[in-house]
Amino acid sequence: MEDNFARPTALSGEPIDMPGLLSGAHHPGAGAVVLFSGEVRDNNLGREVAYLEYEAYEPLAVSLIAEILATAKQRWSLHTAIAQHRTGRVDIGDTAVVVITASAHRGEAYAANKYIVDRIKHEAPIWKCEHYADGAHQWGNNCNCHAVTGDISKHIYEHNQ
Amino acid sequence: MKIHVYAALKDYFQPEFEVDELVRNTDELKAHLLTINDKAGDILSSCRFAVEEGFIDNAFNLNQHATIVIIPPSSGG
């Protein structure tokens, strides 16, 4: 059986079909499948959050996520690498981003999953707007690595720490 | 040239607008944008620029007929 890289779309304006994505992630050569679901919580920095809204520069986000998945596949010899990020309104408890990796052993699947999530959060042109319970809203939690690296294209990744 | 901005930049500029003045590179474009809204300096200093779905730097010669996308720092996930 060939490696499983039939990819769903990288961006979705509809709720993410987690069971569907997971069912397509299995591979006979993979002894480990790791699924990360980034979900919307009801608070941030002491404020009650009503929902999030995601916006993306779609052409670049799609191509960048494809590059990230291809790099992870090669680096960790993955059988499966899937990532899908929401756009539009995402309610509390719903999934904003899902990443699934499958490899022969769990170490590679865990490491690759973290790498993919990390790079998407730092690099993909996707933005969240927090809408609060009091009716206010704020674009927030932007990557601020440039304040440390001095270069807007250089990031500090958790997977390197 | 046409300018498209996203996310927090929309608090400072219209989502889409045109620049008729001659700007040859991203530094000159940033300087021009500050004449439109001088409060945008901090966020513009952290933005990347893209043309035809690829990132560009200040060495890139801007075409007056191009569409420039201004990309704030990511906040996905």
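**Figure 1. Strand β5 of chain A and its partner strands.** Strand β1 (residues 11-12) of chain A runs parallel to β5(A), joined to it by two bridges; strands are DSSP runs of E with at least two residues, helices are runs of H or I with at least four, and both are numbered from the N terminus. Two strands are said to pair if DSSP finds at least two bridges between them. The model is predicted, with local features requiring pLDDT of at least 70 and side-chain atom pairs pLDDT 80 or more, whereas totals for chains, interfaces and linings use all residues. Residues are numbered from 1 along each chain as its sequence is written, and chains are lettered from A and ligands numbered from 1 in the order in which they are written. Within β5(A), R86(A) is the bridge partner of S12(A). Strand β7 (residues 95-103) of chain A pairs with β5(A) in the antiparallel sense over six bridges, and T101(A) of β7(A) stands opposite A81(A).

**Figure 2. The two sides of β5(A).** In a regular strand, side chains alternate between the two faces of the sheet. From β5(A), T80(A), I82(A), Q84(A) and R86(A) point one way, and A81(A), A83(A) and H85(A) point the other way. Seven of the seven residues of this strand (residues 80-86) are buried, so β5(A) is largely enclosed by the rest of the structure. A residue is buried if 20 or more other C-beta atoms, placed from the backbone, lie within 10 Å of its own, exposed if 12 or fewer do, and partly exposed in between.

**Figure 3. Helix α2 of chain A.** This helix (residues 58-76) has 19 residues and reaches 27 Å from its first C-alpha to its last, close to the 27 Å expected at 1.5 Å a residue; the expected span is 1.5 Å times one less than the number of residues. Among its buried residues are L60(A), L64(A), I68(A) and W76(A). Seen down the axis, the buried residues of α2(A) fall within an arc of 165°, so they line one face of the helix; the arc is taken over directions from the helix axis to the C-beta atoms. The face turned away from the buried side carries the exposed residues E67(A), A70(A) and Q74(A).

**Figure 4. Surroundings of A72(A).** Leaving aside residues up to four places away in sequence, A72(A) touches L78(A), A81(A), A112(A), Y115(A) and I116(A); contact requires C-beta atoms, placed from the backbone, within 7 Å.

How values were computed:
Contact = placed C-beta atoms within 7 Å.
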